[in-house]
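Hello,

Here is the structure I promised to pass on. Have a look at it first, and then read on for some notes on its aromatic rings.

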Amino acid sequence: MTQTAPSLTQLMTMEDYLAYDDGTDKRYELVDGELVEMPTESQFNVSIAKLLFFELAKHLPIALLSFKDTEIEVTGRRAKCRLPDLMVHSEESRAALIGAKRAILTRDLPPPALAIEVVSPGVENRDRDYRYKRTEYAARGIAEYWIIDPELQQVTLCLWVNGQYEDTVYVGDTPIKSTIIPGFDLSAARIMAFGQN
């Protein structure tokens with residue numbers, strides 16, 4: 001059934017968002033009660049996300065990996081739901097979605113182990129990934145959050161420690177050290193080089 005979004009003056013609740021279907025393949029995030037269409041990514045960003053997906057698959061069961069297909073409800077002033085570029089499920093978050101009609105980790109479900117965002121160009125996108133999602137993912141208790149930044153040629157690994165993130169910025173050829181994927185050894189330089197090919 002196709003539905004229309006609430007009027008501009010009416011904000012969506014999480015229940016509205018879960019029931020919403022406009023009959024298209026468009027992807028959305030819910031940001032403070034407003035439906036925000038997710039634009040198509042650049043080929044550079046898509047290449048980086050694909051590389052990371054295949055690299056993660058070398059270290060983890062494919063069933064624990066998510067490629068732009070699992071949503072996370074996070075806290076905000078109003079209803080809010082994010083759609084990370086990549087995610088590594090915890091055993092608990094994966095088990096919670098078995099048999100579900102929609103791949104969404106609501107606040108009553110366990111968080112994933114890792115969320116990854118590839119920053120799109122623009123100040124608004126930078127603020128979203130570095131400020132808002134960082135705060136939201138920390139509040140959700142996601143153990144690691146990676147911010148892949150093609151413009152700055154760096155990877156920021158945010159590690160959840162005592163209720164907040166501690167950041168390590170990787171540039172050049174220094175291998176990324178993850179607590180979730182101990183054998184992961186790609187560097188920021190290798191990730192960015194792949195996106196350019």
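**Aromatic rings in the model**

Tyr 137 is buried, as its relative accessible area is 0%. Please keep in mind that this is a predicted model.

What does Tyr 137 pair with? Its partner is Tyr 145, in an edge-to-face arrangement, with 4.9 Å from centre to centre and 90 degrees between the planes. Tyr 145 is buried too, with a relative accessible area of 0%.

Tyr 145 also pairs with Tyr 165. Here the ring centres are 6.3 Å apart and the planes meet at 40 degrees, so this pair counts as tilted. You can follow it along the chain: Tyr 145 belongs to strand S9 (residues 144-149), while Tyr 165 belongs to strand S11 (residues 164-171). The pair therefore ties together parts that lie 20 residues apart in sequence. As for Tyr 165, its relative accessible area is 7%, and because buried means under 20%, Tyr 165 is buried.

How many aromatic pairs are there in the whole structure? The search finds six. Elsewhere, Phe 53, Phe 54 and Phe 67 are linked into a cluster by ring pairs.

One more item for when you have the model open: Arg 102 sits over the face of Tyr 17, at 4.9 Å from the centre of the ring.

Notes. Residues are numbered from 1 along each chain as its sequence is written. This is a predicted model: local features need pLDDT of at least 70, side-chain atom pairs count only at pLDDT 80 or more; totals for chains, interfaces and linings use all residues. Side-chain values use heavy atoms; hydrogens and water are left out. Rings of Phe, Tyr and Trp (its six-membered ring) pair if their centres lie within 6.5 Å; planes under 30 degrees apart count as stacked, over 60 as edge-to-face and the rest as tilted. Buried means under 20% relative accessible area, exposed over 50%, partly exposed in between (1.4 Å probe, protein chains only). Helices (H or I, at least four residues) and strands (E, at least two) are DSSP runs, numbered from the N terminus. A charge sits over a ring if NZ of Lys or CZ of Arg is within 6 Å of the ring centre and within 35 degrees of the ring normal.
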